[in-house]
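Welcome, and please take a moment to look over the model below. The briefing that follows starts at one residue and then moves on by topic.

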Amino acid sequence: MSIPTSTGTTRSVPNIAITLLRVVVGLVFLAYGWQKISTNTIAGVTGYFTSLGVPLPELAAPFISYLEFLGGAALILGLLTRPLALLFVCDMIGAAIFAHLPSGFYVENGGYSQVLLLGTASLAIALIGPGPYSVDRYLFGRKESRVSVLA
């Protein structure tokens with residue numbers, strides 16, 4: 001399926017859809033990463049992770065905070081999309097296990113619905129790839145490239 005543009009060319013709806021998904025998911029991770037870094041602080045996140053029983057909270061807190069912030073920005077651009085999306089899947093599995101599953105489904109009760117959605121969207125992005133409107137496609141998109149799997 002394609003949609004016409006004002007220049008008479010067409011753009012594929014799936015290409016636009018994957019770009020929208022990648023950008024919105026990246027924006028959400030960027031915002032939560034920024035919140036962890038600026039508002040909650042790394043020390044605060046470390047304390048929270050400690051209270052949840054997260055292993056190695058002194059390492060996990062800065063890693064997750066910067067993964068979400070910098071990785072979210074990179075996902076928006078479509079840079080290193082597949083590896084970052086897989087890291088976000090792991091991030092959301094950890095968030096579900098350590099923080100959200102005991103609270104049930106609904107997010108207003110601290111439940112897992114939001115991490116389920118973000119984790120599933122991240123998995124879809126990892127499986128589908130960044131789409132044609134991405135830095136990855138520009139850098140790694142040649143068919144003969146050994147790293148073309150990133151595009």
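Glycine 26 is in contact with Gly72, Leu75 and Ile76, leaving aside its neighbours within four places in sequence; contact here means heavy atoms within 4.5 Å. This is a predicted model, in which local features need pLDDT of at least 70, side-chain atom pairs count only at pLDDT 80 or more, and totals for chains, interfaces and linings use all residues. Residues are numbered from 1 along each chain as its sequence is written, and side-chain values use heavy atoms, with hydrogens and water left out.

**The overall picture**

- The protein has 6 helices and 2 strands; these are DSSP runs numbered from the N terminus, with helices (H or I) of at least four residues and strands (E) of at least two.
- Along the sequence, the pattern reads β-β-α-α-α-α-α-α.
- Of the protein's 151 residues, 36% count as buried; buried means under 20% relative accessible area, exposed over 50%, and partly exposed in between, with a 1.4 Å probe and protein chains only.
- Among the contacts with a separation of 6 or more, 57% come from residues 24 or more positions apart.

**Back to glycine 26**

- Glycine 26 belongs to helix 1.
- Its relative accessible area is 0%, so glycine 26 is buried.
- Glycine 26 and serine 122 are 96 residues apart in sequence, while their C-alpha atoms are 9.2 Å apart in space.

**The salt bridge**

- Side chains of opposite charge can pair when their charged atoms come close.
- The structure holds 1 salt bridge, a term for a side-chain nitrogen of Lys or Arg within 4 Å of a carboxyl oxygen of Asp or Glu.
- Which residue forms a salt bridge with lysine 36? The partner is glutamate 68, and the closest N and O atoms are 2.7 Å apart.
- Because lysine 36 lies in helix 1 (residues 13-40) and glutamate 68 in helix 3 (residues 57-77), the pair ties together parts that are 32 residues apart in sequence.
- Both lysine 36 and glutamate 68 are buried.

**Helix 2**

- Val45, Thr46 and Phe49 are buried in helix 2 (residues 42-52).
- Seen down the axis of helix 2, these buried residues fall within an arc of 105 degrees, so they line one face of the helix; the arc is that of the directions from the helix axis to the C-beta atoms.
- An α-helix has 3.6 residues a turn, so residues three or four places apart point the same way.
- The buried residues of helix 2 pack against helix 1 and helix 3.
- On the face turned away from the buried side, helix 2 carries the exposed residues Ala43 and Ser51.
- Glycine 53 follows helix 2 and has a positive phi, near 85 degrees.

**Aromatic pairs**

- A search of the whole structure finds 5 aromatic pairs; rings of Phe, Tyr and Trp (its six-membered ring) pair if their centres lie within 6.5 Å, and planes under 30 degrees apart count as stacked, over 60 as edge-to-face and the rest as tilted.
- One of these pairs joins tyrosine 48 and phenylalanine 49 in a tilted arrangement, 6.4 Å centre to centre with 45 degrees between the planes.
- Tyrosine 48 is partly exposed at 46% relative accessible area, whereas phenylalanine 49 is buried at 11%.
- Phenylalanine 105 and tyrosine 112 form an edge-to-face pair, 5.4 Å centre to centre with 85 degrees between the planes.
- Phenylalanine 105 is partly exposed at 40% relative accessibility, and tyrosine 112 is partly exposed at 25%.
- Ring pairs link Phe105, Tyr106 and Tyr112 into a cluster.

- Serine 113 lies in helix 5 (residues 113-128) and is buried, with a relative accessible area of 18%.
- Not counting residues up to four places away in sequence, serine 113 touches Phe105, Tyr106 and Val107.
- Serine 134 sits in the loop between helix 5 and helix 6 (135-140) and counts as buried at 11% relative accessibility.
- A polar atom of the side chain of serine 134 lies 2.8 Å from the backbone oxygen of glycine 131.
- Setting aside neighbours within four places in sequence, serine 134 is in contact with Arg22, Leu77 and Gly78.

Technical notes
Polar contact = N/O pair within 3.5 Å; in protein donor to acceptor, adjacent residues only side chain to side chain.
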